[in-house]
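These are my notebook entries from one sitting with a structure. I looked up one topic at a time and wrote down what I found.

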Amino acid sequence: MLSSWNDTLHFCRWSGVYCSRRHVNRVVELNLFSYGLVGSLSPHIGNLTFLRTTVLQSNSFCGKAPSEIDRLFHLRVLFLSNDSFQGTVPTNLTHCSEIRELNLVDKKLEDKILEELGSLSKLRTLGLANNNLTGRIPASLGNLLSFTLLLIGDNNLEGSIPEDLGRTTIERIQIGINRLTSTIPSSLYNLSNMRDIKLGANQPEGSLSLDIGVAFPHLSQLVLAEN
């Protein structure tokens, strides 16, 4: 699929590469979904400073995401799911202050969910499911006032669901298959746009509100199995 990546063709015409119409020869999108790529991600990606969308999921990248990614100040979408990146959630991602969608699902990430992710004020969706993350869900995620989707199921998270999430506009929360000890916190019952709650396979204590159907009139999925 990358046969077009050669000097006989301008790079703005390479497969999966999209350039700006406004800024000449500036790459704004890399969409290399399932291109069969292997090896490490080049640190030179940090030179694409106009990059807004990066979709590298479903390839076979290995190692850690390069630290140079923190130069991508215009980055809005980053999909690295279903790859083989290892290590922790890159702390340098917090320098990408324009990011809206961050998907690191189905990788080999370890350690904790960064408190610093709460500083990404424009973040709307966060996918960290199916990793090896430990610790608690950071209360700082409550600072994400435009937050709509949280996917952190199938990890080793413990503790309770932060009350602070009630300050967001979250609509879908999927945190099953962890070791969480709380049910739905009272603050979340104020989020009338909630559509999807998956809390199955945890260790919750307590009970649900009898008014859950009233609090969540748009709810289409409620999964509490194996609790």
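**Entry 1: terms first.** A strand is a DSSP run of E with at least two residues, and strands are numbered from the N terminus. I also note that this is a predicted model.

**Entry 2: two loop residues with positive phi.** I looked up Asp 106 first. Asp 106 sits in the loop between β8 (101-103) and β9. Its phi is near 60°, a positive value in a residue other than glycine. Asp 106 has 30% relative accessibility, so it counts as partly exposed.

Ser 34 came next. I found Ser 34 in the loop between β2 (27-31) and β3. Ser 34 is not a glycine, yet its phi is positive, about 55°. Ser 34 is partly exposed, at 38% relative accessibility.

I then picked one pair. Strand β7 (residues 84-88) pairs with β9 in the parallel sense, over 3 bridges. In this region I found Gly 87 opposite Leu 109 in β9.

**Entry 3: Thr 53.** Thr 53 belongs to strand β4 (residues 53-55). Is Thr 53 buried or exposed? Its relative accessibility is 19%, and the limit for buried is under 20%. Thr 53 therefore counts as buried. I listed its contacts, leaving aside neighbours within four places in sequence. They are Val 28, Glu 29, Leu 30, Leu 75 and Val 77.

**Entry 4: cysteines.** How many disulfides does the structure hold? I found 1. Cys 12 and Cys 19 are the two partners, with 2.0 Å from S to S. The torsion about their S-S bond is about -90°, so the disulfide is left-handed. Cys 12 is partly exposed, with a relative accessible area of 22%.

I also checked Cys 96. Cys 96 is in no disulfide, and the nearest cysteine sulfur, that of Cys 19, is 20 Å away. Cys 96 is buried, at 0% relative accessibility. Cys 62 is partly exposed, at 38%.

**Entry 5: aromatic rings.** A pair of aromatic rings is described by the distance of the centres and the angle of the planes. I searched the whole structure and got 3 aromatic pairs. One of them is Trp 5 with Trp 14. This pair is stacked, at 5.0 Å centre to centre with 25° between the planes. Trp 5 is partly exposed, at 32% relative accessibility.

Another pair is Tyr 189 with Phe 216. Why does this pair count as stacked? Its planes are at 15°, and planes under 30 degrees apart count as stacked. The ring centres are 5.5 Å apart. The pair links distant parts of the chain, 27 residues apart. Tyr 189 is in the loop between β15 (179-180) and β16 (196-198). Phe 216 is in the loop between α1 (212-215) and β17 (221-223). Tyr 189 counts as buried, at 16% relative accessibility. Phe 216 is buried too, at 3%.

**Entry 6: Asn 155.** My last stop was Asn 155, in the loop between β12 (149-151) and β13 (156-159). Asn 155 is buried, with a relative accessible area of 5%.

Which backbone atoms does the Asn 155 side chain reach? One is the oxygen of Leu 128, 3.0 Å from a polar atom of the side chain. Another is the backbone nitrogen of Asn 132, at 3.3 Å. Beyond four places in sequence, the contacts of Asn 155 include Ala 129, Leu 133, Ile 177 and Asn 178.

The C-alpha atoms of Asn 155 and Gly 46 are separated by 30 Å, and the two residues are 109 residues apart along the chain.

Conventions
Residues numbered from 1 in each chain as written. Predicted model: local features only at pLDDT ≥ 70, side-chain atom pairs only at ≥ 80, totals over all residues. Heavy atoms only, no water. Pairing = 2+ DSSP bridges. Helix = DSSP H or I, 4+ residues; strand = E, 2+ residues; numbered from the N terminus. Disulfide = S-S within 2.5 Å. Buried < 20%, exposed > 50% of the residue type's maximum accessible area, 1.4 Å probe, protein only. Contact = heavy atoms within 4.5 Å. Phe/Tyr/Trp six-rings, centres within 6.5 Å; stacked < 30°, edge-to-face > 60°. Polar contact = N/O pair within 3.5 Å; in protein donor to acceptor, adjacent residues only side chain to side chain.
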